[in-house]
Amino acid sequence: MKAVKIGMPLLMIIIASVFLISSFAIPRANLGNPNGPLYFPIGLSIFMLVLSIIYLINELKTLHERNGKIQGLFEGRTLKLIAVTIALGVIYAFIFEPFGFLISTILFLGCLLFYVNGWKKWKANIIVTISFSFITWYGFSELLGVSLP
Amino acid sequence: MDAFLQGFQIVLQPMNIFWVVIGGFLGTIVGMLPGLGPATAVAVLIPITFGMDPTSAIILMAAIYYGAMYGGSRSSILLNTPGDGSAIAATFDGYPMAQKGQAGEAMAISAVASFIGGVLAVFGFIFLAKPLANFALKFGPSEYFLLMLLTLSAIVSLSIGKMVKGFIAMALGLLISTIGIDPQTGVHRFTMDIPHLSEGIEFLIVIIGVYAVGEVFYNFLTIDKVKKEKKKVGRIWFTKEQWKRSKWPILRSAPLGFIVGVLPGAGGSIASMMSYSSEKQLSKKPEEFGEGAVEGLAAPESSNNAASVGAMIPLLTMGIPGSGTTAVMLGALIMLGVRPGPLLFENDPGMVWALINSMFIGNIALVIINILLVGLLVKILDTPAKVLYPLIIMLAFIGTYTLSYSTVDYFLLLLFGVIGLFMKIMDFPIAPLVLAIIVGGDMEQNFRMALTSSNGSLSIFFSSGISITLIVLTVLSLFYPIVINRFKKRSRNGDKEAISA
Amino acid sequence: MKKIGILLLSVLLLAACSSGKASNSADYPSKNIEIVAPASPGGGWDLTARSVQKILKDNKLVKSNVNVINKPGGGGEVGWNYLHSKDSHNLAVNSSLLLTNNLLGQSKLTHKDFTPLATLATEWQAIAVSVDSPYKSINDLMEQIKKDPKSIKIGVGPGLGNDDHLAFVQVADMKGITPADLNFLVYDGGGGDVVTALMGNHVDVVTTSLSEVKDQHLAGKLRILTVSSDQTLEELEDVPTLQEEGIDMVFPHWRGIMGPPDMTEEEIKYWDEKLTEMVKTDEWKKLLENNDWDDFYQNSEETKAFFDEQEKLYKDLINDSGLVK
């Protein structure tokens, strides 16, 4: 809980610092003002860094206040749901082109539905998976002419 | 006048009415789907238009364009996931309305607002096309920079009470927009030698990630909790009271959106944001904005549809595309042997007037289509959450694929989904992030071009009437809410004192 | 209707799969041809690919089906990388970016990593000023740049290192101006934005493809100083070519088509025949006319030599431009 509260501003500080440090690594331009490409990123990352530090201080002040949303994150299977969705998404990215649209989408949507909606409603899950995969495939690739693998 | 009537005759041919309706319907559908926007829809239709009469083709493509403006807000209202940049403003009050059980009213008013905005803009087109095209030419790099600055400051100023977070989100968005090859110098910035990143991060991926995927993740927090009592979506038409509140905002936003739409490169996202924030500042009840104020939905809807009509002006009068969609339309028209430009009005007035008149018919058709769809679309809310969310995730992935035809973007999509989740949990405003990514690249380039052309002198930003107006508006947009707040507090305190005395 | 469509499609797919196995050069093409457009739908490459597709199909020049697939990203890099790993039933459209990406250090691939099949068409470059500009000819303008390079703002888009930019660099080079001193304003929206900037007098001169400025010139909204073609163009008899202005260069902005590496002799010959036929069709001529393109057909052999020659030219131009050190 506290970790998230401090983690967010810390993350912002880290992002700003990474941008700031890599801004200096941008090669100098050979044309026009050699530092032209640098000003914006450097200015912005300093701006963001300062604000993130202010944000951190604000969070530290209110560290003990409860935040229902953060609690929600650690309750029940929320974290698991998010993690599984991301994992399935990554797998989807890898199988999308080799397996083709239909097979990979049926697998992806099917797994996700079974996990989120539960095994009990397996009939509905299967029907939804198959029908929606076909409808989107038909709609995108046939009606709209989008080239899908 | 002859040309005007001739144009009407062409539009009223059954075949052309058919194309208007088809285009509008298709536009509504693609507008609703995440990622698929009017630009993609027009592009994939190009092979079909090869065999068509050029007039029918341009009517069809235009109908898709403004049809998408109608459709874009549907998913903003129902699911808090805008279909593209112009529909972001519709999430601010549209989604809260839906949560209060007013999804039907919200969709109906937004359709009517779009209709009014569209029709007013067509009138604007008829009478003002040429002077406005010339006005748009006055916008140089410094004016564009200031226009974008105004948009950003207007959007950040909406996040009263969490300004620090608003500015952090904006800065992050602007930094993300610097990723890629710097156009002015050809230098690679933050690309880490990944060719995929050299053209920068597509803002639509960020929209889909932060809004659609982020929203689903966020809803996972409560998915297993006791079912929220089912909201009744009884009404599918708005009340008299709602209409009274929206009437003037709709009428005011139409010309604003229209003019912003005429400026090449500005487009619907900027138009809808500007009218949202100006309505909030004009409103007597600004505190209701963001909580489901009906005028907060109606104003940007009127504005973005008017902008889509305005964007046709530079295309038709000068052959210059003012937005991604009109750029694709230009390509398609050239293939058909029509070259929009200064000569089109003289060489082929019948076609131009047919297009303009088709926008009347198209908007009438669209308002009917969209109101008929309301009853159907509210059913989406009856879908069990556990089935709906996986489907949204799947649509988000496919929408992303159609943007770049590459699965590399899937990882970016998930990353932005997680970022969106934490922003929602930690109560960050999301619009500044997304808008900063949309305008950031152009903003920086225009700033530097302005300085290059003035040899480094900042005076260029004060050198024209337009610039000074924009600066004044920017300052007002940042400080007006603060001043008003102070003023209100003081007068409230004053009231208390008066009572106690 | 839908069911029949799906059924037909699966039959087709099955047919394609089974015949794919028996592939040998005698019955090339043995499956669907795929043309890669290394850009999003709607752009120049996409239009080229879709036109080729349509004309090949409509005239039944190729016996198998032809599809277009979009692979945008990295200025063509993503699409060409994709083609690199495919078999000879995949083709891709290209332009000078194929050469310049590598020279600018943005890509490891060069034209040598592919099989050039043809150069199809070219656009010409134009240099234009506003109607009230004091510069009446390209030589007037270049003299002013020579005197004070910073005084002339040159509009170009969407990025440095493209033909619009390099054509101007070559002109400057020929006039003895150091190209690195040129004062470019880069509009990343591309040609349209550049023309708007010129008409609003936000830049002094633009360098862009002819099609972007031709109509404006004819309508008297701006003035084309010169075109990069080898002879005076139809409708633009009042505009001198660079050569007529004493600047001895011709600058085509060409588009072509190529295949993956290691195509067999027969396959190359097949495409030489088909593409020669294609550019003779009326539809192709109509397309060229609509786009203000010129016929620039060269077969595989000629294209190969042309690429080598172009690569040398671009290498010099990029070095002179100051883009890379």
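Colleague: What makes strand β3 (residues 90-95) of chain C mostly covered?

Modeller: In this predicted model, 5 of the 6 residues of β3(C) are buried, where a residue is buried if 20 or more other C-beta atoms, placed from the backbone, lie within 10 Å of its own, exposed if 12 or fewer, and partly exposed in between. Strands here are DSSP runs of E of at least two residues, and helices are DSSP runs of H or I of at least four, both numbered from the N terminus. Residues are numbered from 1 along each chain as its sequence is written, and chains are lettered from A and ligands numbered from 1 in the order in which they are written. Because the model is predicted, local features need pLDDT of at least 70 and side-chain atom pairs count only at pLDDT 80 or more, whereas totals for chains, interfaces and linings use all residues.

Colleague: How do you know that β3(C) pairs with strand β1 (residues 33-37) of chain C?

Modeller: Two strands pair if DSSP finds at least two bridges between them; β1(C) and β3(C) have 3, in the parallel sense, so they count as paired. The bridge partner of C:E34 in β3(C) is C:N90. Strand β9 (residues 252-259) of chain C is joined to β3(C) by 4 bridges and runs antiparallel to it, with C:M258 in β9(C) as the bridge partner of C:A92.

Colleague: How do you know that the radius of gyration of chain C agrees with a compact globule?

Modeller: The radius is taken over C-alpha atoms, and the globule rule is 2.2 Å times the number of residues to the power 0.38. For 325 residues that rule gives a value near 20 Å, and chain C has 21 Å, which agrees. Of the residues of chain C, 51% count as buried, and its secondary structure comes to 11 helices and 10 strands.

Colleague: What makes the span of helix α2 (residues 36-61) of chain A close to the expected one?

Modeller: The expected span is 1.5 Å times one less than the number of residues; α2(A), with 26 residues, reaches 39 Å from its first C-alpha to its last, close to the 38 Å expected. Its buried residues, including A:L44, A:M48 and A:Y55, pack against α1 (2-24) of chain A together with α8, β2 (188-189) and α19 of chain B.

Colleague: How many residues does the contact between chains A and B take?

Modeller: It takes 43 residues from chain B and 54 from chain A, two residues being in contact if their C-beta atoms, placed from the backbone, lie within 7 Å. On the side of chain B, α17(B) gives the most, with 10 residues.
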